[in-house]
Amino acid sequence: MNTARPPTFESADTVNRVVALLSRFPELHSVRSNPADATLTLSFAVSERLDRATSRVVSDRVGEHVRALLDLRGDEPGKVALSCDRDAAVSFVHVTRDARSFTREELELLVALFADQFGDRLVRDGDDETAGDDPIARDEQVEVALDALRDPTQRQRLVGFREEQRVLVYFVHARKRAKARARS
(Lines give C-alpha, C1' and ligand atoms only; values in the text may rest on other atoms or scores of the structure.)
Protein backbone atom coordinates (compact mmCIF):
# COMPACT_ATOMS: atom_id res chain seq x y z
CA MET A 1 0.00 0.00 0.00
CA ASN A 2 1.44 3.34 -1.07
CA THR A 3 0.67 6.32 1.07
CA ALA A 4 1.64 9.86 0.30
CA ARG A 5 4.44 11.07 2.50
CA PRO A 6 4.52 14.66 3.70
CA PRO A 7 7.32 16.77 2.22
CA THR A 8 10.64 16.00 3.91
CA PHE A 9 11.04 19.68 4.76
CA GLU A 10 8.17 19.53 7.18
CA SER A 11 9.51 16.50 9.03
CA ALA A 12 11.00 16.20 12.48
CA ASP A 13 14.29 15.43 10.72
CA THR A 14 14.31 18.88 9.13
CA VAL A 15 13.53 20.54 12.44
CA ASN A 16 16.47 18.66 14.00
CA ARG A 17 18.72 19.85 11.17
CA VAL A 18 17.73 23.47 11.70
CA VAL A 19 18.31 23.08 15.45
CA ALA A 20 21.77 21.66 14.66
CA LEU A 21 22.47 24.62 12.36
CA LEU A 22 21.54 27.17 15.02
CA SER A 23 23.47 25.22 17.66
CA ARG A 24 26.53 25.08 15.41
CA PHE A 25 26.47 28.87 14.91
CA PRO A 26 25.71 30.50 18.28
CA GLU A 27 26.08 33.90 16.58
CA LEU A 28 22.89 33.35 14.58
CA HIS A 29 19.79 34.64 16.29
CA SER A 30 17.31 33.18 13.80
CA VAL A 31 16.91 31.49 10.43
CA ARG A 32 13.81 31.95 8.29
CA SER A 33 12.94 30.13 5.12
CA ASN A 34 10.42 31.64 2.73
CA PRO A 35 9.49 29.22 -0.06
CA ALA A 36 7.21 31.78 -1.75
CA ASP A 37 10.21 33.72 -3.02
CA ALA A 38 12.89 31.02 -2.42
CA THR A 39 14.85 33.10 0.11
CA LEU A 40 16.54 32.56 3.45
CA THR A 41 16.83 35.26 6.09
CA LEU A 42 19.56 35.00 8.70
CA SER A 43 19.34 37.32 11.69
CA PHE A 44 22.10 38.49 13.99
CA ALA A 45 21.55 40.35 17.28
CA VAL A 46 23.85 43.22 18.26
CA SER A 47 23.72 44.55 21.83
CA GLU A 48 23.44 48.22 20.87
CA ARG A 49 21.18 50.46 18.88
CA LEU A 50 22.81 50.77 15.45
CA ASP A 51 22.47 54.09 13.69
CA ARG A 52 21.64 54.31 9.98
CA ALA A 53 25.25 55.06 8.99
CA THR A 54 26.53 51.91 10.73
CA SER A 55 23.73 49.85 9.17
CA ARG A 56 24.72 51.19 5.74
CA VAL A 57 28.39 50.32 6.33
CA VAL A 58 27.48 46.78 7.41
CA SER A 59 25.14 46.40 4.43
CA ASP A 60 27.84 47.53 1.98
CA ARG A 61 30.45 45.28 3.58
CA VAL A 62 28.19 42.21 3.54
CA GLY A 63 27.18 42.89 -0.07
CA GLU A 64 30.80 43.29 -1.20
CA HIS A 65 31.98 40.12 0.51
CA VAL A 66 29.05 37.99 -0.62
CA ARG A 67 29.38 39.17 -4.22
CA ALA A 68 33.15 38.52 -4.13
CA LEU A 69 32.61 35.00 -2.79
CA LEU A 70 30.00 34.26 -5.44
CA ASP A 71 32.20 35.75 -8.14
CA LEU A 72 34.99 33.37 -7.13
CA ARG A 73 32.54 30.50 -7.57
CA GLY A 74 31.32 31.90 -10.89
CA ASP A 75 27.82 32.41 -9.52
CA GLU A 76 25.45 35.39 -9.49
CA PRO A 77 23.38 36.19 -6.40
CA GLY A 78 19.64 36.26 -6.99
CA LYS A 79 19.18 38.41 -3.91
CA VAL A 80 21.42 40.05 -1.32
CA ALA A 81 19.58 42.36 1.06
CA LEU A 82 20.22 43.63 4.55
CA SER A 83 17.74 45.27 6.91
CA CYS A 84 17.91 46.32 10.52
CA ASP A 85 15.34 46.43 13.32
CA ARG A 86 16.41 48.73 16.14
CA ASP A 87 15.32 48.74 19.75
CA ALA A 88 16.61 50.85 22.62
CA ALA A 89 19.39 48.42 23.58
CA VAL A 90 19.61 45.88 20.75
CA SER A 91 19.53 45.77 16.96
CA PHE A 92 18.59 42.81 14.80
CA VAL A 93 20.40 42.71 11.49
CA HIS A 94 18.68 40.54 8.86
CA VAL A 95 20.53 39.24 5.83
CA THR A 96 18.20 37.92 3.12
CA ARG A 97 19.62 35.73 0.37
CA ASP A 98 18.26 33.61 -2.42
CA ALA A 99 18.32 30.03 -1.18
CA ARG A 100 19.64 28.60 -4.45
CA SER A 101 23.09 30.19 -4.29
CA PHE A 102 23.51 30.26 -0.48
CA THR A 103 26.22 27.93 0.84
CA ARG A 104 27.94 26.86 4.05
CA GLU A 105 30.99 28.88 3.07
CA GLU A 106 28.86 32.01 2.79
CA LEU A 107 27.29 31.32 6.18
CA GLU A 108 30.75 31.01 7.70
CA LEU A 109 31.77 34.24 5.95
CA LEU A 110 28.74 36.10 7.33
CA VAL A 111 29.39 34.86 10.86
CA ALA A 112 33.04 35.95 10.60
CA LEU A 113 32.06 39.37 9.18
CA PHE A 114 29.59 40.04 12.00
CA ALA A 115 32.05 38.79 14.65
CA ASP A 116 34.76 41.06 13.19
CA GLN A 117 32.45 44.08 12.87
CA PHE A 118 30.83 43.88 16.30
CA GLY A 119 33.14 41.77 18.50
CA ASP A 120 31.68 41.34 21.99
CA ARG A 121 28.59 43.31 21.01
CA LEU A 122 27.47 40.43 18.74
CA VAL A 123 25.06 38.39 20.87
CA ARG A 124 26.13 34.75 21.06
CA ASP A 125 24.08 32.04 22.69
CA GLY A 126 26.65 30.35 24.90
CA ASP A 127 29.64 28.49 23.56
CA ASP A 128 29.77 26.44 20.39
CA GLU A 129 28.80 23.02 21.76
CA THR A 130 30.27 21.28 18.74
CA ALA A 131 33.79 22.69 19.17
CA GLY A 132 35.21 19.25 20.05
CA ASP A 133 33.33 17.45 17.27
CA ASP A 134 34.77 16.32 13.98
CA PRO A 135 34.96 19.41 11.69
CA ILE A 136 34.05 17.35 8.61
CA ALA A 137 30.93 16.01 10.35
CA ARG A 138 29.98 19.55 11.46
CA ASP A 139 30.36 20.85 7.91
CA GLU A 140 28.23 17.98 6.62
CA GLN A 141 25.51 18.75 9.18
CA VAL A 142 25.42 22.37 8.02
CA GLU A 143 25.22 21.29 4.36
CA VAL A 144 22.33 18.93 5.13
CA ALA A 145 20.49 21.66 7.06
CA LEU A 146 20.93 24.16 4.21
CA ASP A 147 19.74 21.55 1.70
CA ALA A 148 16.60 21.08 3.81
CA LEU A 149 16.02 24.84 3.82
CA ARG A 150 16.52 24.99 0.03
CA ASP A 151 14.19 22.05 -0.66
CA PRO A 152 11.97 23.12 -3.59
CA THR A 153 9.10 20.91 -2.39
CA GLN A 154 8.62 22.89 0.81
CA ARG A 155 5.30 24.66 1.08
CA GLN A 156 5.46 26.27 4.48
CA ARG A 157 7.73 28.95 5.84
CA LEU A 158 10.03 27.80 8.60
CA VAL A 159 11.39 29.91 11.43
CA GLY A 160 14.10 28.77 13.81
CA PHE A 161 15.23 31.10 16.60
CA ARG A 162 16.86 31.27 19.99
CA GLU A 163 15.01 32.04 23.19
CA GLU A 164 16.44 31.72 26.68
CA GLN A 165 19.21 29.23 25.83
CA ARG A 166 16.84 27.13 23.67
CA VAL A 167 16.35 26.78 19.95
CA LEU A 168 12.74 26.81 18.79
CA VAL A 169 11.55 25.89 15.31
CA TYR A 170 8.08 26.31 13.90
CA PHE A 171 6.30 26.28 10.59
CA VAL A 172 4.25 29.25 9.47
CA HIS A 173 1.13 28.18 7.64
CA ALA A 174 0.13 30.32 4.71
CA ARG A 175 -3.29 31.81 5.22
CA LYS A 176 -5.58 32.52 2.38
CA ARG A 177 -6.61 36.10 2.31
CA ALA A 178 -10.26 36.17 1.57
CA LYS A 179 -11.57 39.05 -0.37
CA ALA A 180 -14.55 40.76 1.20
CA ARG A 181 -17.71 40.34 -0.78
CA ALA A 182 -19.24 43.43 -2.19
CA ARG A 183 -22.58 44.17 -0.64
CA SER A 184 -25.37 45.85 -2.44
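Modeller: Start at S91: its side chain reaches the backbone oxygen of E48 at 2.8 Å. The model is predicted, so local features need pLDDT of at least 70 and side-chain atom pairs count only at pLDDT 80 or more, while totals for chains, interfaces and linings use all residues. Residues are numbered from 1 along each chain as its sequence is written, and side-chain values use heavy atoms, with hydrogens and water left out.

Biologist: Why is S91 called buried?

Modeller: Buried means under 20% relative accessible area, exposed over 50%, and partly exposed in between (1.4 Å probe, protein chains only). S91 has 0%, so S91 is buried.

Biologist: Where does S91 lie, and which residues is S91 in contact with?

Modeller: S91 lies in strand β4. Helices (H or I, at least four residues) and strands (E, at least two) are DSSP runs, numbered from the N terminus. Contact means heavy atoms within 4.5 Å. Leaving aside neighbours within four places in sequence, the contacts of S91 include F44, V46, C84 and R86.

Biologist: Now α2. How do you know that its length agrees with its number of residues?

Modeller: The expected span is 1.5 Å times one less than the number of residues. For the 22 residues of α2 (residues 52-73), that should be 32 Å. The end C-alpha atoms are 32 Å apart, which agrees.

Biologist: Which residues of α2 are buried?

Modeller: S55, V58, V62, G63, V66, L69 and L70 are buried in α2. Seen down the axis, they fall within an arc of 135°, so they line one face of the helix. The arc is that of the directions from the helix axis to the C-beta atoms. An α-helix has 3.6 residues a turn, so residues three or four places apart point the same way.

Biologist: What do the buried residues of α2 pack against, and which residues are exposed on the other side?

Modeller: The buried ones pack against β3 (80-86), β4 (91-98) and α3 (104-118). On the other side, R56, E64, D71 and L72 are exposed. After α2 comes G74, whose phi is positive, near 75°.

Biologist: D125 has a relative accessible area of 17%. What makes D125 buried?

Modeller: The cut-off is under 20%, and D125 has 17%, so D125 is buried. D125 sits in the loop between α3 and α4. Its side chain makes a polar contact with the side chain of R162 (3.1 Å). The C-alpha atoms of D125 and Q165 are 6.4 Å apart, though 40 residues separate them along the chain.

Biologist: Why does L146 count as buried?

Modeller: L146 is at 2% relative accessibility, so L146 counts as buried. Its place is in helix α4 (residues 135-150). L146 and T103 are 43 residues apart in sequence and 7.3 Å apart in space, C-alpha to C-alpha.

Biologist: How many helices and strands does the protein come to?

Modeller: The protein has 4 helices and 6 strands. From the N terminus on, the elements run α-β-β-α-β-β-α-α-β-β. Of the 184 residues, 38% count as buried.

Technical notes
Polar contact = N/O pair within 3.5 Å; in protein donor to acceptor, adjacent residues only side chain to side chain.
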